[in-house]
Amino acid sequence: MIALIVHGKAGPDLVTRVQANFRKWPHDFWNGNEPLAMGYCIHVLAEACGGSRGEWGTLSESRQSAVVWFFSLLCLPSPASGESDAAAFYRQARASGGLAGIARTADILRG
């Protein structure tokens with residue numbers, strides 16, 4: 001699913017389903033605490049992407065924010081799956097041209 005959306009090959013039905021799941025995600029896994037969920041996403045994603053000395057550290061704060069948004073939208077990480085989700089997301093991001101490209105895609109999707 002991630003690869004389809006990253007490469008622009010997802011149909012409207014898949015995008016609609018992803019958006020609906022995203023709206024439910026903080027309630028399903030984080031007791032409705034969206035700031036906690038997003039903070040966790042920042043933490044696991046930054047670690048998976050090499051932290052301040054890796055590719056993560058090459059992005060501006062606004063680019064990091066776009067990547068975190070995209071990661072949380074697509075992966076809906078839980079406390080149990082976040083680290084493995086972040087690692088898988090980063091592998092796909094590298095295969096798709098890197099985090100900067102993911103940030104640009106996220107900006108397009110966010111409008």
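Here is a walk through the structure above, helix by helix.

What you're looking at is a predicted model, so local features need a pLDDT of at least 70 and side-chain atom pairs count only at pLDDT 80 or more, while totals for chains, interfaces and linings use all residues. Residues are numbered from 1 along each chain as its sequence is written, and side-chain values use heavy atoms, with hydrogens and water left out.

Let's start with helix α4, which covers residues 61-75. Helices here are DSSP runs of H or I with at least four residues, strands are E runs of at least two, and both are numbered from the N terminus.

Is α4 mostly covered or mostly uncovered? Mostly covered: 11 of its 15 residues are buried. "Buried" means under 20% relative accessible area, "exposed" means over 50%, and "partly exposed" is in between, using a 1.4 Å probe and protein chains only. The buried residues of α4 include Trp69, Phe70, Phe71 and Leu73.

Now, what does α4 pack against? Two packed helices are described by the angle between their axes and the distance between the axes. The axes here are lines fitted to C-alpha atoms, for helices over the stretch in contact, and the angles run from 0 to 180 degrees between N-to-C directions.

Take helix α2 (residues 12-29) as one partner: its axis and that of α4 come within 8 Å and cross at roughly 100°. The two helices are therefore roughly perpendicular to each other. For angles, under 35 degrees counts as roughly parallel, over 145 as roughly antiparallel, 65 to 115 as roughly perpendicular, and the rest as oblique. On the α2 side, the contact is made by Val18, Gln19, Phe22 and Trp25, and on the α4 side by Trp69, Ser72, Leu73 and Leu74. Contact here means heavy atoms within 4.5 Å. Sorted by class, this meeting of α2 with α4 has six nonpolar residues, two polar ones and no charged ones. In this sorting, Ala, Val, Leu, Ile, Met, Phe, Trp, Tyr, Cys and Pro are nonpolar, Asp, Glu, Lys and Arg are charged, and the others, Gly among them, are polar.

Ser72 sits in helix α4 and is buried, with a relative accessible area of 0%. Not counting residues up to four places away in sequence, Ser72 touches Phe22, Trp25, Met38, Cys41 and Pro77.

Another partner of α4 is helix α6. Their axes come within 8 Å and cross at roughly 75°, which makes α4 roughly perpendicular to α6. Among the residues that meet here are Ala66, Val67 and Trp69 in α4 and Leu99, Ile102 and Ala103 in α6. This contact has 10 nonpolar, three polar and four charged residues. Helix α6 itself (residues 99-110) has 12 residues and reaches 16 Å from its first C-alpha to its last, close to the 16 Å expected. Its buried residues are Leu99, Gly101, Ile102, Ala103 and Ala106. Just after α6 comes Gly111, with a positive phi of about 85°.

What follows α4? That's Leu76, whose phi is positive, near 45°, even though Leu76 is a residue other than glycine. Leu76 lies in the loop between α4 and α5 (82-95), and at 18% relative accessibility it counts as buried. Leaving aside neighbours within four places in sequence, Leu76 is in contact with Asn21, Phe22, Trp25, Phe29 and Phe71. Asn31 also takes a positive phi, near 50°. Asn31 is in the loop between α2 and α3 (34-48), and with a relative accessible area of 80%, this residue is exposed.

Conventions
Expected span 1.5 Å × (residues − 1).
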